[in-house]
Amino acid sequence: RLWRLLFCLPWSIYVRAKLLNDEPIHCHGLFALFLADLAKVPNSRIVFTPQGSDILVLPDKKKIVRRFLSRKLYKLAFITADSNMLLKKILEISPNIDKKKLRLIQNGIPLSTIDDLIKNKKLQKKTIDICWIRGTSEIYQFKYFLELLKQISLKTSSRLKVTIIDAFGSAFISKKIFDYKNIDLSLLPRLDSKRFLKCLQKSKIVVSIPISDSSPRSVYEAICFGCTPFLSDLECFDWLPEEIKLKFLFSTFDLKKDSNTLIDALQNMDSKKNKYKNLRRNSSFYKSLDYVNIADSYLKVFQNVKKSLYEVE
């Protein structure tokens with residue numbers, strides 16, 4: 001963030017020099033929007049796609065961010081977001097927005113890569129009992145996960161293999177976790193996409209329990225591999241078909257209940273059976289996450305912006 005702030009002025013000059021045509025501008029993330037604003041890019045050309053934290057977290061933590069967004073968002077040509085939760089928060093921050101400018105477009109997942117991995121018989125055996133796939137900061141409730149592991153270690157008589165993927169960089173993790181009885185722990189750094197997917201494929205239960213979320217790609221990827229997701233019960237999952245949500249486990253944030261839920265799920269799990277297999281390709285879920293469909297959705301947005309620009313001229 002410090003480097004971004006130091007170089008935002010020269011970057012904005014570069015943006016201003018490069019964007020002399022009349023094409024729509026896609027700002028992916030809050031910093032890109034700030035640069036476009038600094039470079040005096042006309043609002044009528046901007047399509048803004050915020051990241052989840054840009055809308056769900058930062059405006060509540062930083063007054064300056066909320067002030068910037070409240071004066072900026074309603075002026076933009078279009079805003080695309082990957083969940084209704086994000087769109088509702090955008091309307092709360094900037095109530096003057098014309099709702100016609102809002103578009104719900106999911107983040108895609110690499111379905112072709114996932115299909116190739118599923119076909120690889122050597123990778124089909126699930127050797128990880130519980131996999132943590134999110135960050136270790138407060139918003140992801142990592143401390144609760146560690147408390148949960150401690151409870152599980154005291155209750156189970158089986159040795160469980162647990163993998164923690166530090167998805168957003170290194171963080172301090174207490175060494176006490178390595179002393180938990182019946183827990184064989186593996187700590188992995190941030191992984192590239194292919195290695196991350198292989199790790200998901202080997203996992204029985206995938207844990208994602210943030211306070212808030214937009215479109216959790218990693219959860220959707222886990223679904224494709226037939227993992228059982230253990231999740232915060234958030235609005236971002238409301239769009240999913242019931243046949244998929246039936247396999248979800250939702251956290252109650254009660255240590256006793258949640259530890260029993262996870263132990264029972266592991267004891268009753270058939271690791272060879274993929275209950276999502278019959279949903280492949282012909283379901284609304286997979287179509288919504290296909291890169292081709294997502295590209296088409298964005299293309300329509302950009303075409304609308306371009307059309308409106310010509311009409312103004």
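Biologist: Let's start with Gln 201; in which helix is the place of this residue?
Modeller: Keep in mind that we are looking at a predicted model. Here the helix that runs over residues 193-201 includes Gln 201, and its name is α9.

Biologist: Is Gln 201 buried or exposed?
Modeller: The relative accessible area of Gln 201 is 4%. A residue under 20% is given one particular label. Because 4% falls under that cut-off, Gln 201 is buried.

Biologist: Leaving aside neighbours within four places in sequence, which residues is Gln 201 in contact with?
Modeller: We skip the residues within four places of Gln 201 in sequence, and look at what is left. The contacts of Gln 201 are then Leu 117, Ile 118, Leu 123, Gln 124, Lys 126 and Phe 225.

Biologist: Let's turn to charged side chains. How many salt bridges does a search of the whole structure find?
Modeller: Side chains of opposite charge can pair when their charged atoms come close. Searching the whole structure for such salt bridges gives a total of 11.

Biologist: Asp 60 and Lys 89 meet in a salt bridge; what is the N to O distance?
Modeller: For a salt bridge, the nitrogen must be within 4 Å of the carboxyl oxygen. Between the side chains of Asp 60 and Lys 89, the N to O distance is 3.0 Å.

Biologist: How many residues apart in sequence are the parts that this pair ties together?
Modeller: Asp 60 belongs to helix α4 (residues 58-61), while Lys 89 belongs to helix α6 (residues 84-93). Their pairing therefore ties together two parts of the chain, and the separation in sequence is 29 residues.

Biologist: Which residues are linked with Lys 89 in a network of salt bridges?
Modeller: Lys 89 also meets Glu 92 in a salt bridge, at 3.5 Å from N to O. Lys 89 and Glu 92 are both in helix α6, three residues apart, or about one turn of the helix. Taking the network as a whole, Lys 89 is linked with Asp 60, Arg 66 and Glu 92.

Biologist: About how many helical turns separate Glu 221 and Arg 217?
Modeller: The side chains of these two residues form a salt bridge of 3.9 Å, N to O. Glu 221 is buried at 6% relative accessibility, whereas Arg 217 is partly exposed at 35%. They are four residues apart in helix α10 (residues 217-224), so their separation is about one helical turn.

Biologist: Now the sheet: which strands stand at the edges?
Modeller: Four strands make an open sheet with parallel pairing, in the order β1-β2-β3-β4. A strand at the edge has a single partner, so one of its sides is left without a neighbour in the sheet. The strands placed like this are β1 (25-28) and β4 (102-104).

Biologist: Which residue in β2 stands opposite His 28?
Modeller: Strand β1 runs parallel to β2 (residues 46-49), and four bridges join them. Looking across to β2 from His 28, we find Thr 49.

Biologist: At about what angle does α6 run to β4?
Modeller: Helix α6 lies across two strands, β3 (78-81) and β4. Compared with the direction of β4, the helix runs at about 165 degrees.

Key
Residues numbered from 1 in each chain as written. Predicted model: local features only at pLDDT ≥ 70, side-chain atom pairs only at ≥ 80, totals over all residues. Heavy atoms only, no water. Buried < 20%, exposed > 50% of the residue type's maximum accessible area, 1.4 Å probe, protein only. Contact = heavy atoms within 4.5 Å. Pairing = 2+ DSSP bridges. Axes fitted to C-alpha atoms, helices over the stretch in contact; angles between N-to-C directions.
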